[in-house]
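Thanks for coming. I will go through one structure today, starting with a helix and ending with the ligands. Please have the sequence and the model open.

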Amino acid sequence: MGRVYIKTFGCQMNEYDSGKIRAQLQSAGFDATEDMADADVVIVNTCSVRDKPEQKLHSFLGRVLPQKRVRPVVVAVAGCVAQMDGDRIYKKYPNVDLVFGPDAVPRVREMLDAARTRRILDTEFLAGSDYPFPTDLDPTAAGKVGAFVTIQKGCDNKCTFCIVPATRGAEVSRPADEVIREVRALVDQGVREITLIGQNVNSYGLKVPGMPTFADLLRQVHDVPGVEVLRFTTSHPRDMGDDVIRCWAELPRLASHLHLPVQSGSDRVLRRMKRFYTRARYLEVVAGLRSARPEIALTTDVITGFPGETDADFEETMSLLEEVRFHASFSFRYSPRPGTPALRLEADAVPEEVAQRRLERFQSRQRQIQLEEHARLVGTTVRVLVEGPSAHDEGVVCGRTSTFKMVNFPAPAGLQGTHTHVRITRAFANTLRGELADQPAVL
Ligand code: SAM
Ligand code: SF4
Ligand code: F3S
């Protein structure tokens, strides 16, 4: 049938969706290619969470569309920008053959077939229970050590800065037996580490009577033979119940890491963001997690310059960073998004340069903390699940600790997929360097 090239922007949801698109097109006879110039179908899976990612779509189309003048290539725009802005993209780029939102992913084969004869715009949301979570496995999963498994689509929260509820629609939990089936199939292909994904995984199953809770689901996945490491993302602090926290005390293969986006350390800002937790509650969750699993590493998301954020509010974010000592964070300047409630707060907009200064201060302190935390590991031995050869260094492999630290060390590539003990020799802000250890790690 031909070759398909998929460019993915954005979060794990998009990465996962791209995998499902690849899977469906493979069963329709397409091969995946890494070379755009060699592809018969080019799909760009887009993100609109901030302004910058959205601009990436426009520059990407600027590169791919001229190719249509010299060869027949089908061009599709998928994902969150397509969902939000499908009409405009469809009109602005008459050479784009297909525009479809996240809910249309299960129909990609039919759409591509139809796109041979006409242009297609499909940004319809399906009613919750009608959404068929695609089941074909991403063909690139075989041979990888880790894989994502979606347990939920959409989001029912209304954080005032966030465009995701508009791009992904209402929250739908995926039936547990489907989740388990996909986990089993991945493990059969050699996958060792499973990351359950959703925008707000802790609310899994809560809205459907009789469905397991997220903690129940975690236990079920944890017990699938062959799952050596279990992770999940993303958790909303409001929904982080004691039943989930207890899992860290009881499930040994649940990784010692949690990404728990806080957004701000100021109650006033959290209220205006409609996050529905306080700084004190967030710290209570952190204390609970640390008592269940003392070595747990916490990472977070932070927004600086949300409308109305004062210097004093920002200091609260800085002091929260000191108190929790996150091991890493994704931090961004607030980016106003179309149709989001925070647009109504525009009168309180924080000047860009102020938001940027705060961001740089936060990032610089975060980096120091990372370095300090990593330096403490030098001389210790850690247990690493080897992911594969390092992209940069010959004879070096890379892998992650349970706490999600990337470790590079010289070793044969044959160790891929095994748990290996590594003595840490050097610390950098984002990675660690080590050597094969002759003694096993303590943890
Ligand atoms: N569902 C997750 C949660 O509740 O935290 C996060 C989802 S969102 C895709 C990922 C991160 O993008 C958020 O945690 C937030 O920090 C950031 N983000 C979302 N909207 C943003 C905006 N308008 N400006 C800046 N950052 C934003
Ligand atoms: Fe966006 Fe909030 Fe939903 Fe996360 S929980 S996706 S930040 S609305
Ligand atoms: Fe972006 Fe959509 Fe994810 S907006 S962050 S790709 S849910």
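The side chains of Arg219 and Glu250 are joined by a polar contact of 2.8 Å. A polar contact here is a pair of N or O atoms within 3.5 Å; within protein, one must be able to donate a hydrogen and the other to accept it, and residues adjacent in sequence count only if both atoms are side-chain atoms.

Some ground rules. This is a predicted model, in which local features need pLDDT of at least 70 and side-chain atom pairs count only at pLDDT 80 or more, while totals for chains, interfaces and linings use all residues. Residues are numbered from 1 along each chain as its sequence is written, chains are lettered from A and ligands numbered from 1 in the order in which they are written, and side-chain values use heavy atoms, with hydrogens and water left out.

Back to Arg219, which lies in helix 7. Helices (H or I, at least four residues) and strands (E, at least two) are DSSP runs, numbered from the N terminus. Not counting residues up to four places away in sequence, Arg219 touches Asp243, Cys247, Glu250 and Leu251; contact means heavy atoms within 4.5 Å. The classes are buried, under 20% relative accessible area, exposed, over 50%, and partly exposed in between, with a 1.4 Å probe and protein chains only.

Helix 7 covers residues 214–222, and its buried residues are Phe214, Ala215, Leu217, Leu218, Val221 and His222. They are on the same side of helix 7 because they cover an arc of only 160 degrees around the axis. That arc is taken from the directions from the helix axis to the C-beta atoms. The cover over these buried residues includes helix 6 (176–188), strand 10 (193–197), strand 11 (229–233) and helix 8 (242–250).

Next, the two strand residues. Thr299 is in strand 13, residues 297–304, and counts as buried because its relative accessibility is 10%. Its side chain makes a polar contact of 2.9 Å with the side chain of His257. Leaving aside neighbours within four places in sequence, the contacts of Thr299 are His257, Leu258, His259, Leu260, Phe326, His327 and Ala328.

Ser329 sits in strand 14, residues 328–333. The side chains of Ser329 and Gln366 make a polar contact of 3.0 Å. Beyond four places in sequence, Ser329 touches Thr300, Phe362, Gln366 and Gln370.

Now the ligands. A residue is near a molecule if one of its heavy atoms lies within 4 Å of it. Which residues come nearest to ligand 1? Of the 15 around it, they are Phe161, Gln199, Gln263, Asp301 and Ser335. An oxygen atom of ligand 1 is 2.7 Å from an N or O atom in the Gln263 side chain. A nitrogen atom of ligand 1 is 3.0 Å from a polar backbone atom of Phe161, and a nitrogen atom is 2.7 Å from a polar backbone atom of Ser335. Of the 560 Å² of accessible area that ligand 1 has on its own, the protein covers 91%, by the Shrake-Rupley method with a 1.4 Å probe.

Ligand 2 is surrounded by Cys155, Asn157, Cys159, Phe161, Cys162, Val164, Pro165, Gln199, His236 and Arg275. Around ligand 3 are Cys11, Asn14, Cys47, Ser48, Val49, Cys80, Val164, Arg168 and Gln199.
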